[in-house]
Amino acid sequence: MRAIVLHGPHDLRIEPFQDLPPAPAAGEVRVQMAAGGICGSDLHYYHHGGFGVVRVKQPMALGHEASGRVVALGAGVSGLKRGQLVAVNPSVPCNNCDYCRRGLRNHCENMMFNGSAMRFPHVQGMFREFMDVTADRAFAMPEAIVPEEAALCEPLSVVLHAANQAGDLQGRSVLVSGCGPIGVIAVAVARLRGAARIIATDITPHSLEIAEKLGADETINVATSAERLAAYATGKGTLDVVFECSGAAPAIAAALATLRPKGRMVFVGLGGDAPLNVNMVVAREIELVGTFRFDAEFAEAAHLIGTRTLDLSAAISATYPFGEAVAAFEHAGDRTRATKVAINLEG
């Protein structure tokens with residue numbers, strides 16, 4: 001079979017990949033991969049060979065947002081059938097370390113996460129033609145759902161976990177800072193969870209247009225109209241919750257200033273170190289909360305997308321054929337015209 005394999009920065013190849021056994025093992029299903037969404041971390045691998053201290057040290061198939069169709073069932077598998085579209089959870093916690101035993105499986109010390117170079121040997125990704133996974137990682141999707149939508153279960157899971165970190169959003173005023181794929185999904189989740197008002201900021205008109213489609217009450221281009229965001233920072237601040245999805249130091253500072261006393265900022269985006277107005281945090285008793293990956297939220301994401309309780313299709317900017325993976329990555333990196341770019345892994 002073939003896979004989309006990264007060998008180094010801007011060295012992405014479609015090449016033969018490791019063969020599978022003749023049949024899936026007991027408790028597993030074989031999935032013919034159908035669609036894969038390009039994530040920000042995939043772009044970091046593609047452009048820079050990694051992020052932070054994480055670096056690709058061996059050829060690695062990319063991709064951790066994916067869906068596919070069940071083509072074979074291992075012994076003992078029930079609840080799934082051949083031909084069924086499934087969203088595939090890329091997380092495989094060990095269920096044995098201290099964090100797993102404490103119910104913090106997203107912090108598993110031995111996590112196997114598809115398409116990640118954090119371990120060595122690396123955990124190979126999902127941008128391939130076939131893969132075998134345990135049945136509990138395959139979430140059945142209704143026939144009306146297309147593969148690109150099913151692949152959004154993973155980023156939606158990330159946002160659902162972030163929203164859980166934010167607390168009750170019912171009747172709250174929410175700022176989403178940075179409207180890439182995660183940011184626009186955060187807008188949709190905040191709307192679903194009852195936020196009274198949602199303000200979305202970014203520096204590209206395209207991103208703000210998608211944020212508006214997914215439920216933002218107000219969009220602000222902070223590159224051209226920063227004063228509109230500054231208006232929310234008057235007095236002791238006016239907003240209840242910030243989802244900081246950009247990871248950019250200037251955006252963090254501007255968003256922090258909008259929070260009223262007892263407000264909460266959830267850091268979703270990764271951007272390295274940033275200065276922080278500690279005096280403001282102390283004086284306003286602002287809560288700063290991190291969020292990392294997800295766990296049980298994947299099942300919730302599959303339900304929300306499968307029932308169309310959340311329709312995130314507006315976030316899908318384009319789908320490219322398998323053989324045009326490089327073009328797909330180049331498009332995905334252009335924030336002026338891309339939110340979520342997918343790859344058709346079926347051909």
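## A cysteine to start with

Is Cys94 buried, partly exposed or exposed? Cys94 is partly exposed, with a relative accessible area of 28%; here buried means under 20%, exposed over 50% and partly exposed in between, using a 1.4 Å probe and protein chains only.

Before going on, a word on the model: it is predicted, so local features need pLDDT of at least 70 and side-chain atom pairs count only at pLDDT 80 or more, while totals for chains, interfaces and linings use all residues. Residues are numbered from 1 along each chain as its sequence is written, and side-chain values use heavy atoms, with hydrogens and water left out.

## Cysteines without disulfides

The structure holds zero disulfides, a disulfide being a pair of cysteine sulfur atoms within 2.5 Å. Cys39 is in none, and its nearest cysteine sulfur, on Cys245, is 12 Å away. Cys39 is also buried, at a relative accessible area of 17%. For Cys94, likewise in no disulfide, the nearest cysteine sulfur belongs to Cys108, 3.5 Å away.

## The nonpolar cores

A nonpolar core is a set of buried Ala, Val, Leu, Ile, Met, Phe, Trp, Tyr and Cys residues joined through side-chain atoms within 4.5 Å. The largest one has 52 residues, and Met141, Leu156, Val176, Phe243 and Leu312 have the most contacts inside it. Among the elements giving two or more residues to this core are helix 5 (181–192), strand 16 (239–244) and helix 10. Helix 4 gives the most, with eight residues. Helices (H or I, at least four residues) and strands (E, at least two) are DSSP runs, numbered from the N terminus.

Leaving aside neighbours within four places in sequence, Leu156 is in contact (heavy atoms within 4.5 Å) with Ile185, Val189, Ala301, Leu304, Ile305, Leu310 and Leu312. A second, separate core of 37 residues includes Met60, Leu62, Tyr320 and Ile343.

## The second largest pocket

The second largest pocket holds about 230 Å³ of space. On a 1 Å grid over the protein atoms alone, a pocket is an open set of points where a 1.4 Å probe fits, with protein on both sides within 12 Å along at least five of seven lines; lining residues have an atom within 4 Å of a point. The volume is the space filled by probe spheres set on the points, which are joined across faces, edges and corners.

Of its 14 lining residues, Asn89, Ser91, Arg105, Asp136 and Arg137 are the closest to the centre. Strand 9 (91–92) and helix 10 (297–306) each give two or more residues to the lining.
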